Amino acid sequence: MMRIGVLGAGRIGRRHIDLIRQSTECVLAGVADPFRPADAATLSGGARWHADLDALLSDPGLDGIIVATPNEMHVEHGLACLAAGIPTLIEKPIASTMAGGLALADAAEQRGIPLLVGHHRRHSSHIAVARAAIRAGSIGDVVAVSGTALFCKPSDYFTGAPWRAQPGGGPLLINLVHEIDDLRALCGDIVGVQAVASSAKRRHAVEDSAAVVLEFSSGALGTFTISDVAAAPWSWEQTSGEDPSYARYPSEDCYLIAGTKGSLAVPSMRMWTAADGPSWHEQMELTVLGAEPADPLERQLAHFCAVVRGDASPLVTGRDAVETLRVTLAVVEAAGPPRQH
Ligand SMILES: NC(=O)c1ccc[n+]([C@@H]2O[C@H](COP(=O)([O-])OP(=O)(O)OC[C@H]3O[C@@H](n4cnc5c(N)ncnc54)[C@H](O)[C@@H]3O)[C@@H](O)[C@H]2O)c1
């Protein structure tokens, strides 16, 4: 049993703690969060509550650590874990700046300490099956991608945390980073972006909606629309059903990926192929690819345990996550301040 520590016992940190406690591969070694009181339920299995990261790292039996602190702290905390020689799972985004992300990726490589970045959807079976089908050439060469993250955040999302109405707290930096990582995993590297952002509905200082154009290194082109004020079902969480805390619309999709021989809708996994050569006069055949619904956070933890044991290499390395951050920051820069109309 691997002994795993958790730094930061907030919203996502508590989910990691719960998953560790349910796991048959690891136990909770301890938790460090200076701003929250020790939690008796969390400590019931013998785990210790520490005042800070240094105290958690002083546990001689610590095998791995999950860093789930706010984005701006990832670099400082991640570098300290790697310097202590502890395999580290760091929440996404790897950092809030390119310099910070590169510092983490460099430190992991130079020290030879595994660094896994928490782009948890990479552990989704929907993403894995779609990626394998695309890589196997099932839809030919990808030519165009249409993606959506259209959902409505309730008003208490903002009243409970006013920073979310300020620059940095909007859907581009909070949500689009997941989408960019998915599209990179499915369709390859992104080499160019254009974008427009708007705050016409919520009137916050940060965007509520944005439209993005993507250019992939393969030559494929994509569009992505994102809005947190849209009464719509076309987002990853609402279509995949991987997180039961969101409403579910299983017949809907959020990514439409078109190739030269066929196309794939994700996450319904409906694949249309043209057996006798594609033509808009010819009916295509429909196949539904099988994907086991499973909690990607749980699968990510199992993968991290394998990484800590030395049985696997990180599925999402620091270097890989830096590329997702690079594209996301490029979208923010291309969009500029949101238009209010
Ligand atoms: N993978 C996902 O789907 C997902 C979902 C939510 C959040 N996240 C990421 O997880 C991270 C945390 O987000 P959150 O929503 O849980 O935030 P949060 O504010 O709910 O939790 C952060 C916690 O870190 C603690 N903290 C602050 N400074 C600390 C320090 N110096 N040492 C230890 N703990 C400290 C805070 O007290 C708080 O409990 C962010 O990077 C976020 O982007 C990822």
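In H1, the residues Ile12, Arg15, His16, Leu19 and Ile20 meet Leu297, Glu298, Gln300 and Leu301 of H10. The contact residues divide into five nonpolar, two polar and two charged. This is a predicted model.

Two packed helices are described by the angle between their axes and the distance between the axes. Here helix H1 covers residues 11-22, and helix H10 covers residues 296-309. Their axes come within 10 Å and cross at roughly 65 degrees. The crossing of H1 past H10 is right-handed.

Follow the chain out of H1. Ser23 sits in the loop that leads from H1 to strand E2 (26-32). A polar atom of the Ser23 side chain lies 3.3 Å from the backbone nitrogen of Cys26. Beyond residues up to four places away in sequence, Ser23 touches Met1 and Leu301. Leu301 also belongs to the H10 side of the helix contact.

His123 is placed in the loop between strand E6 (115-118) and helix H6 (125-135). Is His123 buried or exposed? Its relative accessibility is 6%, so His123 counts as buried; the cut-off for buried is under 20%. Setting aside residues up to four places away in sequence, His123 touches Pro296, Arg299, Gln300, His303 and Leu315. Gln300 is also one of the H10 residues that meet H1.

Now turn to the ligand. How many residues surround the ligand? There are 24, and the closest are Asp33, Arg36, Asn71, His74 and Lys92. Asp33 places a polar side-chain atom 2.6 Å from an oxygen atom of the ligand. Thr69 uses its backbone: an N or O atom there lies 3.4 Å from a ligand oxygen atom.

The last stop is strand E10, residues 221-227, where Leu221 lies. Leu221 has a relative accessible area of 49%, so it is partly exposed; exposed would need over 50%. What does Leu221 contact, leaving aside its neighbours within four places in sequence? The partners are Val143, Ala144, Val145, Leu214, Glu215 and Phe216. Asp189 is 32 residues from Leu221 along the chain, and the C-alpha atoms of the two are separated by 11 Å.

Note on methods:
Residues are numbered from 1 along each chain as its sequence is written. This is a predicted model: local features need pLDDT of at least 70, side-chain atom pairs count only at pLDDT 80 or more; totals for chains, interfaces and linings use all residues. Side-chain values use heavy atoms; hydrogens and water are left out. Axes are lines fitted to C-alpha atoms, for helices over the stretch in contact, and angles run from 0 to 180 degrees between N-to-C directions. Helices (H or I, at least four residues) and strands (E, at least two) are DSSP runs, numbered from the N terminus. A crossing is left-handed if the near helix is turned anticlockwise from the far one by less than a right angle, and right-handed if clockwise. Contact means heavy atoms within 4.5 Å. Ala, Val, Leu, Ile, Met, Phe, Trp, Tyr, Cys and Pro count as nonpolar, Asp, Glu, Lys and Arg as charged, and the others, Gly among them, as polar. Buried means under 20% relative accessible area, exposed over 50%, partly exposed in between (1.4 Å probe, protein chains only). A residue is near a molecule or strand if one of its heavy atoms lies within 4 Å of it. A polar contact is a pair of N or O atoms within 3.5 Å; within protein, one must be able to donate a hydrogen and the other to accept it, and residues adjacent in sequence count only if both atoms are side-chain atoms.
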